[in-house]
Amino acid sequence: MYPSCIGVCSMALHSPLRAFPALKRVAGWRNHRLQPKRCMNRVVTDALSAVAGADNISTSSAVLEQHGKDESYHGCKPPDIVVWPQNVEQVSRLAAICWANDLPIIPFGTSTGLEGGVAALRGGVCFDLTKMDKIVKLNAVDFDVTVEPGVTRKSLNNYLRGSGLWFPVDPGADASLCGMAATSASGTNAVRYGTMRENVMNMEVVLADGRIMYTAGAQRRARKTSAGYNLTNLFVGSEGTLGIITKTTLRLHGIPESMVSAVCTFPTVQAAVDCTVQVLQYGIPIARIEFLDDVMMDACNKFSKLNYAVSSTLFLEFHGTEKSLAEQIQVTDEIMKANRGSDYIWAKDQEARDKLWQARHNAWYAARALRPGCKAYSTDVCVPLSKLPEIIVATKDDLIQSKLTGPIVGHVGDGNFHCLMTMDPRDKDEERRVKGFTDRLARRALAMDGTCTGEHGIGLGKRHLLTEEIGAVGMEVMRGIKAALDPKQIMNPGKVV
């Protein structure tokens, strides 16, 4: 099934990646981590074509450009060739060819990332996994499903219609589920249902040399395990730098009997966040609780032709039985009033809830519409809840002093918020000010015991911040893990570490 030259092993990590003497090779790794691009010769191209089929490779300049960028502000860095494998065996054989020829491998899904994760800094081979789009197995009684990397969040939930189950992790974009695992994505429902890190049970991964492994063991679907190192969470958030995720087994959740949404405005950021903390402290199982500042609300009103108050605003959603929702709404209403909340709007049926959430769903486009023709970039810091008012107020002051446009939207239930920055790519001074602002914001979050990225990942632009966040010893261990699994540094080079 697999080429004998790479010694495929589906479970263990044997030679040539013989574990942690790799920590001693870190200095050598640093010296060659961004080698010059290697030229793609005809022999290699023919070998890739023989595995994937002539119709499943491309060197067209338009295709290469399409695969060299995502939704981030980072410039396009196209690969040398794009391949579309059909199954894990092909991924394994293609990876072995790249390994033998020291060619970079860049995994590619829906290109909805926000940190330049698909940019081919050294050229190489882009593995477009969108044709691997099977829902392999649904275990409805066990509340889990196994999917290939071409399956997106929306397509899975469409498949689950009628089963009484759904997959609630929602980053906004219709991203591929394996890509969401690779970036440790989350979104609006994380306060109730967790992030990808809490919802991935197992993964099938092709390593840099083509070997196939299972992070929790082949076919394992246990709801919990204490067996060995947590390899699953090692690959969640690895951003394609340790291996290619070719299957993931996910936790599913029961669709709630009823849902109710609400919008409430507050006179200050502090009042809105105080309300959020008290809702959580009271034990209300809130499903979503989102914050939009006054600038963001004004932009949403203009973009979506709404008439919400231009003030600090919370969008909330409750899931449960009819009886439990009545209790949740009553208690939340009292908490909102105690924090000077006003302009309450409640909605229960689907159409009314969708209309209520329209401002939040269109926030990204509303922010971009503030300055047509400009690029947009989303910051992604996350801090402890108690620090949220302080950092948001300081951030708004910084935006004003820096003369920058950056409306704020946040998943306040878990302390994560975004400044949706807009900037003119032709204005180098503004670009410099945005870079300075984003670095100050990240370091402000780190000083408050937070993180530089809550859900978007490190990618290209936050590697220096990762070093500050994790520390020298932590980075040394990370580089050692990278060197052990990918000693030739061909897996998505130049990202994360």
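**Chatting through the cores, a helix and a pocket**

Student: Which residues touch the most other members of the largest nonpolar core?

Tutor: Leu 314, Ile 391 and Phe 417 do, out of the 40 residues in that core. Keep in mind that this is a predicted model.

Student: Got it. Which helix gives the most to this core?

Tutor: Helix 10 does, with seven residues. Helices 10 (269-281), 12 (322-338), 16 (388-401) and 17 (428-447) are among the elements that each supply at least two residues.

Student: Switching to helix 2 now. Which of its residues are buried?

Tutor: In helix 2, which covers residues 42-52, the buried ones are Val 44, Thr 45, Leu 48, Ser 49, Val 51 and Ala 52. Looking down the helix axis, these buried residues fall within an arc of 160°, so they line one face of helix 2.

Student: What's on the other side of helix 2?

Tutor: There you'll find Arg 42, Val 43 and Ala 50, which are exposed. The buried residues of helix 2, meanwhile, pack against strand 1 (57-58), strand 2 (81-83), helix 4 (88-100) and strand 4 (125-128).

Student: Next up, Val 205. Buried or exposed?

Tutor: Val 205 has 0% relative accessibility, so it counts as buried. You can find Val 205 in strand 8, residues 200-206. Setting aside neighbours within four places in sequence, Val 205 contacts Ile 212, Met 213, Phe 235, Ile 244 and Ile 245, among others.

Student: How far are the C-alpha atoms of Val 205 and Thr 45 separated?

Tutor: They are 24 Å apart, and the two residues sit 160 residues apart along the chain.

Student: Last topic, the second largest pocket. What's its volume?

Tutor: About 730 Å³. Its lining consists of 33 residues, and Ser 184, Arg 197, Val 236, Gly 237 and Met 478 lie nearest the centre.

Student: How many of the lining residues are charged?

Tutor: Seven are charged, alongside twelve nonpolar and 14 polar residues. Helix 8 (196-199), helix 9 (231-235), helix 18 (463-470) and helix 19 (472-485) each supply at least two residues of that lining.

Note on methods
Residues are numbered from 1 along each chain as its sequence is written. This is a predicted model: local features need pLDDT of at least 70, side-chain atom pairs count only at pLDDT 80 or more; totals for chains, interfaces and linings use all residues. Side-chain values use heavy atoms; hydrogens and water are left out. On a 1 Å grid over the protein atoms alone, a cavity is a set of points where a 1.4 Å probe fits but cannot get out, and a pocket is an open set with protein on both sides within 12 Å along at least five of seven lines; lining residues have an atom within 4 Å of a point. Grid points are joined across faces, edges and corners, and a volume is the space filled by probe spheres set on the points. Helices (H or I, at least four residues) and strands (E, at least two) are DSSP runs, numbered from the N terminus. Ala, Val, Leu, Ile, Met, Phe, Trp, Tyr, Cys and Pro count as nonpolar, Asp, Glu, Lys and Arg as charged, and the others, Gly among them, as polar. A nonpolar core is a set of buried Ala, Val, Leu, Ile, Met, Phe, Trp, Tyr and Cys residues joined through side-chain atoms within 4.5 Å. Buried means under 20% relative accessible area, exposed over 50%, partly exposed in between (1.4 Å probe, protein chains only). The arc is that of the directions from the helix axis to the C-beta atoms. Contact means heavy atoms within 4.5 Å.
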